[in-house]
Structure formats: C-alpha cells, structure tokens
Amino acid sequence: MRNIMRADLYRIFRGKGIYIVLAVFLFTLVMQVIFTGGEFGVMVYSETTPEDYEEIVTVDEESGAIHVEYRRRQVDVTGREAPGRLVSVTDNIIYFMLPMLVFILTADFSCSTIKNHFSSGTSRNKYFMAKLTLTATVTALLSLMYVIIPIILATLLHGFGGEFDLAFIRKTAAVYLPQFCLVFAFVCIGVFLSFAFKRTATLNTLYIVATLAPMMIIMVLAEINTKFMDLAKYDLVMNIKAFAFGEESGYFVSADPTRTVILSAVVVLVSLIGGFLLFRKAEIK
C-alpha cells in the first residue's frame, strides 16, 4: 500500500494540475477572508455586539410610514470570527475534491498504468485500500486547510480578536466536524463512480450531477406535494449547509448530528462496498 501511495504522490506532484488546484483553493480562501466583512457567509457563531450593526431609517413618501432596518457594518474579520463566516460554503471542498479524485483514481485507468501495479503482484484489495487511504488523507488535509488557513490569514490581517481557548475550539468543531463527515461521504460517492466506470469524463459528469440533481428533483416534487420537501433531510449537500444556519433561519433542513452520522455512515458503506465489488469483478484493459 505504501508503495502505491508513494508512486501516486510522485506522479501527482510531478504534474502541474495539483499546483493549479491548490493555487485556486488558496486564492478562494484568501478572497473569502477578505470579502467576509459584510453579509457574506452565515456567521453561525460569530461574536457580535450592537455596535456591529447600523440603523437605517427610511420613510415611505406616500404613506409616511417609517421603516427601521439594522444592517451589519462592514467590519474586519478576525481570526476568531473567520470559521463562523466561512461555514456556509464548506461544500466548496466537494468541488475541489473532484480533480483530486481524477489525479488519484481515474488517471491510472486513463493511462493504463494500473496494469503495472497488477503485473508486479499487487492485489486488487491492496490497490483499492491504498487509493481509499490516500483519498481520505487528501480530504482530511483539505478540510483542515479550509479551517486553519482562514484563521491564520484573518489573524495576520486583523488580529485574532480574543483568546484561542477551549470554547472557540468547541464551537468550531461542533459545526465543522459534522460537515466534514458529510463531505467525506460525498467523496466516497466519487470513489464509487471512479471504480465503477473507470473513466474521467464519466466521473466528472456524474459527480457534478450528484451535487445538484437531488435537490432539484426534491424541489420539483415539492411543487406537487410539499411533503416531498422532507426528502431534503437525506441530501448530503443540504445537510452540509444546514450546519451553517441557525434554527431561526427557516432553512430547509435542520442540523442534526445524529442524522448526520447515520446518513454519512450509510453513504460511505454503500459507496465503498459497491465500488469495491464492482472493481473486483471488472475487466482491466
């Protein structure tokens, strides 16, 4: 397994693709930190004070009615606030994992280099586990970068804005850990697609469809009967976003850690078992 992963890392970092993906990923994080001073993001646990809001008074010319609205001021994001500001777009990791799946999984099928592993005595079991381990590691690293880099950037720009204490760690973990379980579950769908179809084009197409189609179908069905909206509780992307919104937001899905664990576990098991069984029986060309 180590030799397979070592060979993959050598091949991946020899190419330009990995550096382009990482550069775009870092650029995205930088832009998110810089432009989160307004209403961008959900700020599920950002610490705010009344001074963070400005009062806007408007008068209706016809009726003379006075309307008072409070809007969040454009403020500098501190390191302590950064995770709360970016939590609503954690599902971006799903999209950045797509090229990683191509680099790690389907590239071997496209270039037929997978035959070299089997000709050297590597079993399909070891090959599958090596690929899964590397994929899980990359998912974990991107997820950690998604939290840590904004904290560092915001701290360098505007200070940390408080203490790096246990309360901050708990608040961050309570939101991001369930999200990352769901992200990994979705990545496992990509693993299944890679081993089931062994084609980069098919992976790209079906992976994107899997992110968008479920909720679109649910919305269409909900037009027929609103009860179909309950199906949103089983959509991975909707559950990821649910942890960025408070109960008072009226979002389609409520954040439920228990449902998250069960849903993630089911998707992971079904995807990996299905992908492995298909891979064992597949003809490698």
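Reply: Contact means heavy atoms within 4.5 Å. Here K131 touches I4, D8, R11, I104, L105, D108 and F195, leaving aside residues up to four places away in sequence. This is a predicted model, where local features need pLDDT of at least 70 and side-chain atom pairs count only at pLDDT 80 or more, while totals for chains, interfaces and linings use all residues. Residues are numbered from 1 along each chain as its sequence is written, and side-chain values use heavy atoms, with hydrogens and water left out.

Me: Is K131 buried or exposed?

Reply: Buried means under 20% relative accessible area, exposed over 50%, and partly exposed in between, with a 1.4 Å probe and protein chains only. K131 has 0% relative accessibility, so this residue counts as buried. K131 lies in helix 6. In the protein, 42% of the 285 residues are buried.

Me: Which elements make up the protein, and in what order do they run?

Reply: Helices (H or I, at least four residues) and strands (E, at least two) are DSSP runs, numbered from the N terminus. There are 10 helices and 2 strands, in the order α-α-β-β-α-α-α-α-α-α-α-α from the N terminus on.

Me: How is helix packing described?

Reply: Two packed helices are described by the angle between their axes and the distance between the axes. The axes are lines fitted to C-alpha atoms, for helices over the stretch in contact, and angles run from 0 to 180 degrees between N-to-C directions. For helix 2 (residues 17–34) and helix 4 (residues 92–111), the axes come within 10 Å and cross at roughly 170°. Angles under 35 degrees count as roughly parallel, over 145 as roughly antiparallel, 65 to 115 as roughly perpendicular and the rest as oblique. Helix 2 and helix 4 are therefore roughly antiparallel. Residues making the contact include V21 and F25 of helix 2 and F96 and F103 of helix 4.

Me: What lines the largest pocket?

Reply: On a 1 Å grid over the protein atoms alone, a pocket is an open set of points where a 1.4 Å probe fits, with protein on both sides within 12 Å along at least five of seven lines; lining residues have an atom within 4 Å of a point. The largest pocket has 14 lining residues, and L9, F13, I18, V138 and L141 are the closest to its centre. Helix 6 gives the most to this lining, with 6 residues.
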